[in-house]
Amino acid sequence: YFSEDVAESPVIHFWSLAVEEQFYLVWPLLLGGLWRVTRRRPVGHRRVLPIVVACGAIASLAWALAIRGDQPSRAYFGTEARAYQLLLGALLALLPTLVARLRRSAVGRVLAPLGLAGVVLLATSALDIGPVARGAAVAAAAGLLLIGLEGTATSRMGRALAIEPLVYLGRISYATYLWHWLVIVVAGELGLTPSPWALAGITFLIATGLAALSYELLEHPIRQSPSLGRHRRVVIGVGLATSVV
């Protein structure tokens with residue numbers, strides 16, 4: 001990502017998948033352990049768990065900000081330096097009463113527009129901030145957007161973001177991420193040097209098309225396959241073995 005030669009590797013962006021998978025491995029164990037420890041406490045796990053998760057997120061962000069000068073790659077790519085973004089989502093999931101309260105407050109109606117504006121602004125170069133600070137700001141803006149949409153799903157913005165084309169783009173967004181960097185690398189290998197806006201447009205169209213194809217022809221059929229469903233142990237065993245290798 002930080003190299004001037006974008007053709008270094010077509011899968012360099014898979015680093016984020018590694019961070020996610022490591023988090024998905026540790027988080028259920030951590031959550032289960034915390035639940036067992038706190039379930040019989042007087043305060044109860046419903047109060048303790050969010051506090052612990054919030055402290056973990058703050059510690060992760062503080063670590064990323066602390067090492068961004070001396071270890072910028074670690075601060076950008078490191079699992080412990082990125083965990084705060086995933087922990088923020090976990091924290092929102094542990095606070096359902098917060099969303100319920102926002103449904104009845106005037107504040108909830110402004111959170112979604114504010115969060116969406118923040119995400120759009122941070123996706124541009126209008127703000128001159130470093131990658132670590134930008135990541136923290138995007139996480140905060142996305143959190144506001146999610147809380148606002150959950151609390152005011154029937155608002156104009158909620159209905160606008162719920163239209164089928166946008167829902168479908170969200171459904172294939174994971175595959176879009178997987179394909180987009182390959183498109184950029186191939187464009188570099190072919191010697192194409194369009195403007196940044198033109199490259200963004202080309203990448204969006206091609207990556208979205210490839211994502212739709214891979215979703216419809218590969219991902220969705222595999223997830224819904226009746227034959228694979230009849231051999232769950234074999235499928236799970238092969239999947240785990242492949243992951244280990």
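Here are some friendly notes on the structure above, point by point.

1. **What kind of model this is.** This is a predicted model, in which local features need pLDDT of at least 70 and side-chain atom pairs count only at pLDDT 80 or more, while totals for chains, interfaces and linings use all residues. Residues are numbered from 1 along each chain as its sequence is written, and side-chain values use heavy atoms, with hydrogens and water left out.

2. **The overall fold.** The secondary structure of the protein chain comes to 13 helices and 0 strands. Helices (H or I, at least four residues) and strands (E, at least two) are DSSP runs, numbered from the N terminus. The C-alpha trace spans about 65 × 50 × 45 Å along its principal axes.

3. **Surface and interior.** Of the 245 residues in the protein chain, 27% count as buried. Buried means under 20% relative accessible area, exposed means over 50%, and partly exposed lies in between (1.4 Å probe, protein chains only). The chain exposes about 16,100 Å², and carbon and sulfur atoms supply 68% of that area. Accessible areas come from the Shrake-Rupley method with a 1.4 Å probe; for residues, only the protein chains shown count as cover.

4. **Contacts along the chain.** Take the contacts (heavy atoms within 4.5 Å) between residues at least 6 apart in sequence: 68% of them join residues at least 24 apart. Ser60 gives you a place to look. Ser60 lies in helix α2 (residues 45-67) and is buried, with a relative accessible area of 6%. Leaving aside neighbours within four places in sequence, Ser60 is in contact with Glu80, Ala81, Arg82, Ala83 and Tyr84.

5. **A tilted aromatic pair.** The structure holds 6 aromatic pairs. Rings of Phe, Tyr and Trp (its six-membered ring) pair if their centres lie within 6.5 Å; planes under 30 degrees apart count as stacked, over 60 as edge-to-face and the rest as tilted. One of the pairs is formed by Trp15 and Tyr76, which is tilted, at 5.3 Å centre to centre with 45° between the planes. Trp15 lies in helix α1 (residues 15-38) and Tyr76 in helix α3 (residues 72-77), so the pair ties together parts that are 61 residues apart in sequence. Trp15 counts as buried at 16% relative accessibility, and Tyr76 counts as buried at 15%.

6. Phe23 counts as buried at 11% relative accessibility, and Trp27 counts as buried at 15%.

7. Trp15, Tyr76 and Phe77 form one aromatic cluster. The charged end of Arg82 sits over the ring of Tyr76, 4.5 Å from its centre. A charge sits over a ring if NZ of Lys or CZ of Arg is within 6 Å of the ring centre and within 35 degrees of the ring normal.

8. **Salt bridges.** Side chains of opposite charge can pair when their charged atoms come close. How many salt bridges does the structure hold? The structure holds 2 salt bridges, each being a side-chain nitrogen of Lys or Arg within 4 Å of a carboxyl oxygen of Asp or Glu. In one, the side chains of Glu80 and Arg74 meet (2.8 Å, N to O). Glu80 is partly exposed, with a relative accessible area of 29%, and Arg74 counts as partly exposed at 44%. Glu164 forms a salt bridge with Arg171, with the closest N and O atoms 3.8 Å apart. Arg171 counts as partly exposed at 40% relative accessibility.

9. **A nonpolar surface patch.** Leu161, Ile163, Leu166, Leu169, Ile202, Phe204, Leu205 and Ile206 make a nonpolar surface patch of about 690 Å². Patches are made of residues with over 30% relative accessible area and no salt bridge: like charges are joined within 9 Å, nonpolar side chains (Val, Leu, Ile, Met, Phe, Trp, Tyr) within 5 Å. The helices α9 (164-171) and α11 (196-223) each supply at least two residues of the patch, and the largest share, 4 residues, comes from α11. Leu169 is found in helix α9 and counts as partly exposed at 33% relative accessibility.
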